[in-house]
Amino acid sequence: MNSNQNQSVSHVSKEISESLVEMTEIVLPQHTNAIGSVFGGTVMSWVDIAAATCALRHCRCQVVTASIDALHFLAPVHLGWIVSIKASVNFTSRTSCEVGVKVTAENPLTGDRYHTASAYLTMVGVDKEGKPIPIPQIKLMTDLERRRNADASARRLARLTLKDDLAKRRRADVNGV
Ligand SMILES: CC(C)(COP(=O)(O)OP(=O)(O)OC[C@H]1O[C@@H](n2cnc3c(N)ncnc32)[C@H](O)[C@@H]1OP(=O)(O)O)[C@@H](O)C(=O)NCCC(=O)NCCS
């Protein structure tokens, strides 16, 4: 049997609202660095989990993270603060989708909120052998979704160019060039 036939994925296009994710965390001592703010790796893990959950809801098949675009930490998040991680599918192509993730931190005593980080992840739908398989496409319903989709399309081009450049450099390294 072809590996792409061992997984049945619906090809009916789906609205972005069907797969939205919002996770909430509280920064506990085990999440912090030596100066009492959140450890970057913890935020990266939350971002990846939110994106994977979103992609799972959209694709309804196993997914893997193919890439994470640059992740900038814009403001520190302190012990005891509330962290909200929101994820939504911005763009779909044949087997992959871009998931946008926004991280917001809230001071629990004042209610002030700070945009802490944003990231774009490419998640790929895979079968049981880890081979890419077609995923459902998204239906764009709002102007905001259309704008995000257009922006994501431009990012995809840049990302795939970078991926090709990295592959060329790896081949050159292997060949001792
Ligand atoms: C991601 C992975 C499944 C791609 O497999 P592949 O054999 O290279 O397949 P393809 O070249 O056909 O790519 C499949 C899709 O992924 C996209 N893709 C592949 N590498 C990518 C990258 N680095 N960044 C963005 N998209 C990527 C392709 O554009 C394609 O999308 P499309 O079908 O929507 O156009 C494979 O590289 C893999 O398993 N990587 C490890 C993933 C993993 O373990 N992640 C967990 C963290 S370590």
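Which residue takes a positive phi in the hairpin of β5 and β6, and how many residues lie between the strands? Gly 111 does, with phi near 80°, and six residues lie between the strands.

Before the exercises, two notes. This is a predicted model: local features need pLDDT of at least 70, side-chain atom pairs count only at pLDDT 80 or more, and totals for chains, interfaces and linings use all residues. Residues are numbered from 1 along each chain as its sequence is written.

**Exercise 1. Check the span of helix α1 (residues 40-59).**

Step 1. Know the elements. Helices (H or I, at least four residues) and strands (E, at least two) are DSSP runs, numbered from the N terminus.

Step 2. Take the rule. The expected span is 1.5 Å times one less than the number of residues.

Step 3. Apply the rule. Helix α1 has 20 residues, so it should span 28 Å. Its end C-alpha atoms are 28 Å apart, which agrees.

Step 4. Arg 60 follows α1, and its phi is positive, near 55°.

**Exercise 2. Find the buried residues of α1 and what covers them.**

Step 1. Set the cut-offs. A residue is buried if 20 or more other C-beta atoms lie within 10 Å of its own, exposed if 12 or fewer, and partly exposed in between; C-beta atoms are placed from the backbone.

Step 2. List the buried residues. In α1 they are Val 43, Trp 46, Val 47, Ala 50, Ala 51, Cys 54, Ala 55, His 58 and Cys 59.

Step 3. Name the cover. It includes β1 (14-15), β2 (21-26), β3 (62-68), β4 (82-92), β5 (96-106) and β6 (113-126).

Step 4. Zoom in on Ala 51. Contact means C-beta atoms, placed from the backbone, within 7 Å. Leaving out residues up to four places away in sequence, Ala 51 touches Thr 65, Ala 87, Val 99, Val 101, Leu 121 and Met 123.

**Exercise 3. Describe the largest nonpolar core.**

Step 1. Define the core. It is a set of buried Ala, Val, Leu, Ile, Met, Phe, Trp, Tyr and Cys residues joined through C-beta atoms within 7 Å.

Step 2. The largest core has 37 residues, and Val 47, Ala 50, Ala 51, Val 99 and Val 101 touch the most other members.

Step 3. Trace the members. The elements giving two or more residues to this core are α1, β4, β5 and β6. The largest share, eight residues, comes from α1.

Step 4. In soluble globular proteins, nonpolar side chains tend to be buried together.

**Exercise 4. Work out how the strands pair.**

Step 1. State the test. Two strands pair if DSSP finds at least two bridges between them.

Step 2. Start at β2. Six bridges join β2 to β4, and the two run antiparallel. Ile 26 stands opposite Ile 82 in β4.

Step 3. Go on to β5. Strands β4 and β5 pair in the antiparallel sense over 10 bridges. They form a hairpin with three residues between them. Ser 84 stands opposite Thr 104 in β5.

Step 4. Move to β6. Strands β5 and β6 run antiparallel, joined by 11 bridges. Ser 96 has Val 124 in β6 as its bridge partner.

Step 5. Finish with β3. Six bridges pair β3 with β6, again in the antiparallel sense. Val 63 stands opposite Gly 125 in β6.

Step 6. Check burial. In β4, eight of 11 residues are buried. In β6, 10 of the 14 residues are buried, so this strand is largely enclosed by the rest of the structure.

Note on methods:
Contact = placed C-beta atoms within 7 Å.
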